[in-house]
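Colleague: Hi, I'm new to this one. Could you show it to me and walk me through it?
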Amino acid sequence: MQRLKIAFQISPVTDPVHDSSLCLMRAAKRLGHQVFYYYGDALSAQNCEAIVRCSPFLGSHKDLWGNKSELAFVSNFDLVIMRQDPPF
């Protein structure tokens with residue numbers, strides 16, 4: 001299976017046990033994909049290219065606090081999943 005570099009745009013997590021975005025991120029990580037996350041306000045444009053300040057997700061909700069962030073071009077990701085304010 002091809003390993004993907006995946007970015008998730010998520011809302012702030014208030015309930016890590018039941019958060020559906022975290023569930024998807026954990027599943028992607030278990031499958032061996034590189035997973036990153038960011039919040040909507042971290043997305044911007046530079047010279048007509050979308051950029052994002054994102055952090056690696058290592059597999060636990062505890063990764064959402066205090067991780068080092070990095071600036072990345074959105075085009076460098078194989079997949080971007082927008083989970084901003086999901087209904088479930």
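Modeller: Here is a short tour by question and answer.

Colleague: What kind of model is this, and how are residues numbered?

Modeller: It is a predicted model, in which local features need pLDDT of at least 70 and side-chain atom pairs count only at pLDDT 80 or more, while totals for chains, interfaces and linings use all residues. Residues are numbered from 1 along each chain as its sequence is written, and side-chain values use heavy atoms, with hydrogens and water left out.

Colleague: Thanks! Which residues make up the largest nonpolar core?

Modeller: There are eleven: Ile6, Phe8, Ile10, Val13, Leu22, Met25, Ala28, Val35, Tyr37, Phe57 and Leu64. A nonpolar core here is a set of buried Ala, Val, Leu, Ile, Met, Phe, Trp, Tyr and Cys residues joined through side-chain atoms within 4.5 Å. Buried means under 20% relative accessible area, exposed means over 50%, and partly exposed is in between (1.4 Å probe, protein chains only).

Colleague: And which elements each supply at least two residues of this core?

Modeller: Strand 1, helix 1 (20-30) and strand 2 each do. Helices (H or I, at least four residues) and strands (E, at least two) are DSSP runs, numbered from the N terminus.

Colleague: Which residues is Phe8 in contact with, leaving aside neighbours within four places in sequence?

Modeller: Phe8 is in contact with Leu24, Met25, Val35, Phe36, Tyr37, Tyr38, Ile81 and Arg83. Contact means heavy atoms within 4.5 Å.

Colleague: What does a second, separate core include?

Modeller: That core has eight residues, among them Tyr38, Ala42, Cys54 and Phe77.

Colleague: Switching to helix 1, which residues are buried there?

Modeller: Ser20, Ser21, Leu22, Met25 and Ala28 are buried in helix 1. The helix's buried residues pack against strand 1, strand 2 and strand 6.

Colleague: What caps the N-terminal end of helix 1?

Modeller: Asp19 does, with a side-chain oxygen 3.0 Å from the backbone nitrogen of Ser21. Just after helix 1, Gly32 takes a positive phi of about 95°.

Colleague: Where else is there a positive phi, in a residue other than glycine?

Modeller: Asn47 has a phi near 50°, and Cys48 has one near 65°. Most residues other than glycine have a negative phi. Asn47 lies in the loop between strand 3 (43-46) and strand 4 (49-56), and Cys48 is found in the loop between strand 3 and strand 4 too.

Colleague: Is Cys48 buried or exposed?

Modeller: Cys48 counts as exposed because its relative accessible area is 82%. Asn47 is exposed as well, at 74%.

Colleague: How many disulfides are there in the whole structure?

Modeller: Zero, taking a disulfide as a pair of cysteine sulfur atoms within 2.5 Å. Cys54 is buried, with a relative accessible area of 0%, whereas Cys23 is partly exposed at 47%.

Colleague: Now the rings. How many aromatic pairs does the structure hold?

Modeller: The structure holds two aromatic pairs. Phe36 and Phe77 form an edge-to-face pair, 5.6 Å centre to centre with 70° between the planes. This pair links distant parts of the chain, with Phe36 in strand 2 (residues 34-39) and Phe77 in the loop between strand 5 (70-73) and strand 6 (79-83), 41 residues apart. Tyr37 and Tyr39 form an edge-to-face pair too, 6.2 Å centre to centre with 75° between the planes. For the cut-offs, rings of Phe, Tyr and Trp (its six-membered ring) pair if their centres lie within 6.5 Å; planes under 30 degrees apart count as stacked, over 60 as edge-to-face and the rest as tilted.

Colleague: Are Tyr37 and Tyr39 buried or partly exposed?

Modeller: Tyr37 is buried at 4%, while Tyr39 is partly exposed at 27%.

Colleague: What sits over the ring of Phe77?

Modeller: The charged end of Lys5 does, 5.2 Å from the ring's centre. That label needs NZ of Lys or CZ of Arg within 6 Å of the ring centre and within 35 degrees of the ring normal.

Colleague: Last one: where is Gln9, and what does its side chain make a polar contact with?

Modeller: Gln9 is in strand 1 (residues 5-10), and its side chain makes a polar contact with the side chain of Tyr38 (3.2 Å). A polar contact is a pair of N or O atoms within 3.5 Å; within protein, one must be able to donate a hydrogen and the other to accept it, and residues adjacent in sequence count only if both atoms are side-chain atoms. Gln9 is buried, with a relative accessible area of 8%.
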